Amino acid sequence: MITSKPAISSYAIDNIRGKIANLRELGFTDPVKMITSNPPILGLAIDNIRGKITDLRELGFADPVKMVTSHPAILGLAIGSIRGKITNLRAAGFTDPVKMITSSPATLGYAGDNILGKIADLRELGFADPVKMITSKPPILGYTIENIRAKIADLRGLGFADPVKLIRWSPAILGYAIDNIRGKIADLRELGFADPVKMIRVSPEILGLRMDNIRRKIADLHDLGFANPVKTITCLPSILPCHVDTIRGKIANLRDLGFADPVKMITSTPSILSYAVNSIRGKIANLRDLGFADPVKMITTLPAILCYAVENIRTKIIGLRELGFSDPVKMITSLPAILGYAIDSIRSKLADLRQLGFADPVKMITSLPAIMGYARERLLLCGKIVMQLDDDGTDGMFAQLLRQPRAVIDAIAAAQPRTWSEVRIIVAAAKRNAKP
């Protein structure tokens with residue numbers, strides 16, 4: 001230590017030993033490390049150090065000892081200077097300078113003009129709220145603007161279309177070496193993720209995860225019953241930073257709520273993992289209040305229901321009733337996917353069916369709600385075929401025709417049959433030809 005820090009040799013060993021003991025009494029767990037990183041501490045009177053700790057506490061710093069441990073140079077700063085820095089930071093727009101300095105004590109070493117300059121430079125680079133950005137990641141003040149500009153260019157070169165937006169969501173990215181980011185993308189691709197850039201764009205926290213942890217998460221999901229963890233993670237990249245015990249707990253909670261196969265539910269709609277169990281419980285209660293007798297069964301059929309706001313569901317019920325459906329709740333119960341159809345789309349399909357000549361489209365859809373799930377072009381084509389037939393019972397024939405493969409429907413349209421019997425002959429022939 002004396003060889004690397006010659007100034008220490010000027011202090012008597014007893015004085016050094018005493019200073020170490022005094023620092024330990026003040027709460028510093030590793031005084032030797034502190035002195036090694038900042039030898040001038042040996043020249044400070046212990047009463048001054050004690051006074052500095054008291055002053056820092058009076059300024060609002062809850063744990064001055066921890067602060068000084070991470071940045072010993074603070075002991076060399078006049079308390080008036082620290083107080084002035086807090087004032088300057090507040091004037092620059094930072095609402096809680098004390099919290100900011102606590103998380104990054106090095107902030108005290110930056111001149112006020114330099115901080116204002118950094119804010120201006122970040123704004124010129126496209127960051128709309130540099131103060132908010134720095135507040136979430138104070139070490140940004142230590143990065144040169146040239147390095148930040150280069151990082152933006154490098155990220156664009158890696159395939160990120162909007163690096164500024166990415167950094168705004170996760171300022172910590174500025175602290176990652178570009179080679180590490182490039183390596184993470186390559187590693188994710190090797191694990192089977194087809195578009196790592198998209199994954200990282202959705203969940204930038206992934207860049208902070210070790211590859212060993214990501215591999216372990218994939219294995220843990222396998223153990224929990226997910227047949228294709230890579231696909232599940234691709235749908236919801238935020239699963240990766242999530243602790244496996246949290247996922248295990250969510251599965252247990254869903255089972256307690258009455259869902260027989262939570263893993264299957266999550267596989268179809270991974271975003272369920274982001275919902276608090278109380279929120280799911282509340283959605284079940286809300287659905288029951290709206291008249292649905294078995295919300296659990298309904299959600300099991302269409303887990304995406306958990307994504308819909310209860311007000312939107314209520315509005316959909318009202319909208320269906322206004323369109324002439326007497327029991328929207330019963331309809332939705334038989335086909336929960338209706339909740340995902342825009343009311344304007346349903347209105348348009350009713351108009352199309354009416355224009356084709358169907359006497360009561362509302363009655364048709366009531367008896368077969370699945371009609372609403374077909375594309376408008378298919379509805380029009382099948383409707384035209386059926387309405388040209390000489391037979392009665394067009395509603396039933398229309399429903400059967402909609403379920404046929406598109407190639408079969410096209411063959412029927414080309415043949416222009418006049419009877420349902422002719423339609424059935426064409427369907428049978430198409431099925432025979434389709435067999436290997």
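In this predicted model, helix H21 runs over residues 343–356, 14 residues in all. From its first C-alpha to its last, H21 reaches 20 Å, close to the 20 Å expected at 1.5 Å a residue.

Turning to the side chains, five residues of H21 are tucked away: Ile346, Lys349, Leu350, Asp352 and Leu353 are buried. They end up on the same side of H21 because the arc they cover around the axis is only 160°. As for what the buried residues of H21 pack against, the partners are helix H19 (310–322), helix H22 (361–367), helix H23 (376–387) and helix H24 (394–402). On the face of H21 turned away from this buried side sit Asp344 and Gln355, both exposed. Just after the helix comes Gly357, which takes a positive phi of about 115°.

Leaving aside residues up to four places away in sequence, Leu389 touches Met397, Pro417, Arg418, Thr419, Trp420 and Val423. Gln416 also belongs in this picture: Leu389 and Gln416 are 27 residues apart in sequence, yet their C-alpha atoms are 9.0 Å apart in space.

Terms used. Residues are numbered from 1 along each chain as its sequence is written. This is a predicted model: local features need pLDDT of at least 70, side-chain atom pairs count only at pLDDT 80 or more; totals for chains, interfaces and linings use all residues. Side-chain values use heavy atoms; hydrogens and water are left out. Helices (H or I, at least four residues) and strands (E, at least two) are DSSP runs, numbered from the N terminus. The expected span of a helix is 1.5 Å times one less than its number of residues. Buried means under 20% relative accessible area, exposed over 50%, partly exposed in between (1.4 Å probe, protein chains only). The arc is that of the directions from the helix axis to the C-beta atoms. Contact means heavy atoms within 4.5 Å.
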